[in-house]
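Subject: Handing over the two-chain model

Hi there,

Here is the structure I promised to pass on to you.

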Amino acid sequence: MGMKRIKKYLTVFKITVVNDLMYSRNFLGQLLFFGLFLFVYSFLWRVVFKDGQIEGFTFVKMMWYFMFTESIMLAKFAFHGEMAQDIKTGDIAYHLNKPYSYLLFMYAKYLSSSLVRMGMNLIFGSLILFVTLHEAPVTPVNLILGVLSAITGLTINFTFYFLIGMSAFWFEENTAFSFIYSKFLFTVGGLFIPVEFFPEWLKQLSDKLPFMYILNAPAKVYIEGIDEFLRVFPIQLMQVGIWAGLIGILFFAGTKKLAINGG
Amino acid sequence: MGTVVVVSDLSKNFQTKVKKSGLRESFKSLIHPVYREVKAVQDVSFSVEKGEILAFIGPNGAGKSTTIKMMTGILYPSRGTVTVLGLIPWKSRKSLSYKIGSVFGQKSQMWFHLPPEDSFELMADIYELDRYDYKNTLKELVQRFQLEEFMHQPVRKLSLGQRIRCEIAVSLIHSPEILFLDEPTIGLDVVVKNQIRDLIKDLNNRNQLTVFLTSHDVSDIEKLCRRVIVIDRGQLILHSTVNELKHAYLQTKILSLKLEEVYVPTIQGVTILKQKGTGLKLEVDTTQCTLQQIFDDIIKHTTIVDMMISETPMEEIIETIYTGS
């Protein structure tokens, strides 16, 4: 891909950041919600961890873990509803007659928007935890590796959002897919409870599914560092490869269906 | 000149699911879905010359959008062929997209919360434009479309007229050879409509830009186009110049007369629309009698003090074509 071809997606990325920052006050509500979550869960985990450690997690570690998973969870730019609508109404045609890849265009937009929000969530969440807990079990290296793993996690999530949005090529109603997917993230994704706390069979199952590589894996990298990163990052990249390949094939089939049978 | 678009025997059929109302029927359609074939476009043929503004009109659901989608490569036809600027659209969609521009009146390509200049920047990169060429084109477009005063205001704060000016300008940033305009004047007031029409006319004259226009506004067609194609229920029902169209459908004239004395002519082909004192309004079918015959008849009986001859408005002509089809 030539430099000019890459530049168009970088411009989409840049323009989305500018667009999101135009309404930075909108982030305030999300940050308040995030703060409230941290506050409520700090009470819960304080009780749970009153006797010490669980599966290597202390109360402090647990709070930083939760702050990180929630930062990713709340950052995801949910474009799948709009995409499904565009497919149903045929408006996707306006994207297809422009000289760009719709998949990469949406990815640039999604990643940009999600990263801005994740950045804000991480800064705000870290500040709250520093002020209230006075300790952080993470190093700057952990932070960099955690963010790298989170970007990969967000990319896996993108492929799922794209799949859900794309399901509109074949299904009239797809809100159920979106609902089920978010529940998987809540549970086997390890949003509230780390996968390590699960019974062995569920832990094994979660390990085989992609959901924990979106939330649990980046948060574990964040609190545990390089060893965890080296373990999970190749799996994350593999996941991106698998799901990106799948959406590539399905999107081709979907647009072919659209081209043959209309919107 | 030269032909830039050739459409031959173009047809498109769709399969749509047929579902009767009621719970029972819904379950039935889950197990045995029934499909019906819809003939969206049937054997449509036409061509467009370079530098022409062609009106492509028809009632809602006539097949206009389907035809445009096939011409821009988004839909494959069921039968027939299309070449646009020498390319087969569905085989060379990406290559073609660099050579054509499109404005869909109801679908914005601007970023709603950002000033227009950001959308221009993005489009410049999307079309992989050289910076120098881009700056020059932008300068020219800003001047011609008078965008200077609101280039730095968020699009959401622009009036509809300003936004449409931006939409057309942004679609021209890559200097396309053909512009597809779908309802460009929808929702605009008369003054802004005329401004937009003048701009389109100017672009067409100066840059030899070919414009493929769909519109429900008959004035757009009357003021901009030399040729018109009417499509209904997927079929091409009329293909003529706007002048021919007027002549063909201007068989009736409205004659308003002020006479010196009361007189009502009784000639075949003349219908009395209104009579009040010495005032008379007649509808004349010129295939049955000439205006001269009417004047001769009236002059025999009284003097004509004042008169006005008006033609059937274009709006009614189009309505007649639609209902007649």
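How many bridges join strand 8 of chain B to strand 9 of chain B, and in which sense do the two strands run? There are six bridges between strand 8 (residues 227–232) and strand 9 of chain B, and the two run antiparallel. Before going further, please keep in mind that this is a predicted model.

**The sheet in chain B**

Is strand 8 of chain B enclosed or open? Six of its six residues are buried, so strand 8 of chain B is largely enclosed by the rest of the structure. The cover reaches both faces: Arg227(B), Ile229(B) and Ile231(B) are buried on one side, and Val228(B), Val230(B) and Asp232(B) on the other.

**Elsewhere in chain B**

Helix 2 (residues 64–71) of chain B is mostly covered, with eight of its eight residues buried. The buried residues of helix 2 of chain B include Lys64(B), Thr66(B), Lys69(B) and Met71(B). Just after helix 2 of chain B comes Gly73(B), with a positive phi of about 90°.

Strand 13 (residues 304–311) of chain B is another matter to look at: this strand is hardly covered, and the count of buried residues among its eight is zero. Strand 13 of chain B is joined by seven bridges to strand 10 (residues 252–259) of chain B, and these two run antiparallel. One of the pairs there is Ile254(B) with its bridge partner Ser310(B) in strand 13 of chain B.

I went through two helix pairs in chain A. For helix 3 (residues 59–75) and helix 10 (residues 216–224) of chain A, the axes come within 9 Å and cross at roughly 135°. That angle makes helix 3 of chain A oblique to helix 10 of chain A, and the crossing is right-handed. Among the residues that meet are Trp64(A), Tyr65(A) and Phe68(A) from helix 3 of chain A, and Pro218(A), Ala219(A) and Tyr222(A) from helix 10 of chain A. By class, this contact has eight nonpolar, two polar and one charged residues.

For helix 6 (residues 102–133) and helix 7 (residues 140–166) of chain A, the axes come within 10 Å and cross at roughly 130°. Helix 6 of chain A is therefore oblique to helix 7 of chain A. Here, too, the crossing is right-handed. Met106(A), Tyr107(A), Tyr110(A), Leu111(A), Ser114(A) and Met118(A) of helix 6 of chain A meet Ala150(A), Leu154(A), Phe158(A) and Phe162(A) of helix 7 of chain A. The classes in this contact are nine nonpolar, one polar and no charged residues.

**One residue in chain A**

Ala84(A) sits in helix 4 (residues 80–89) of chain A. Why does Ala84(A) count as buried? Because Ala84(A) has 24 C-beta neighbours inside 10 Å, and the cut-off for buried is 20 or more. Leaving out residues up to four places away in sequence, Ala84(A) touches Gly165(A), Ala168(A) and Asn174(A).

**Where the chains meet**

In the interface, 22 residues of chain A are in contact with 25 residues of chain B. On the side of chain A, helix 1 (3–22), helix 5 (93–96) and helix 11 (226–261) each give two or more residues. Helix 1 of chain A has the largest share, nine residues. By class, the side of chain A that touches chain B divides into twelve nonpolar, five polar and five charged residues.

Best wishes

Terms used
Residues numbered from 1 in each chain as written. Chains lettered and ligands numbered in written order. Predicted model: local features only at pLDDT ≥ 70, side-chain atom pairs only at ≥ 80, totals over all residues. Pairing = 2+ DSSP bridges. Helix = DSSP H or I, 4+ residues; strand = E, 2+ residues; numbered from the N terminus. Buried ≥ 20, exposed ≤ 12 C-beta atoms within 10 Å, placed from the backbone. Axes fitted to C-alpha atoms, helices over the stretch in contact; angles between N-to-C directions. Parallel < 35°, antiparallel > 145°, perpendicular 65-115°, else oblique. Left-handed = near helix turned anticlockwise from the far one by under 90°. Contact = placed C-beta atoms within 7 Å. Nonpolar A, V, L, I, M, F, W, Y, C, P; charged D, E, K, R; others polar.
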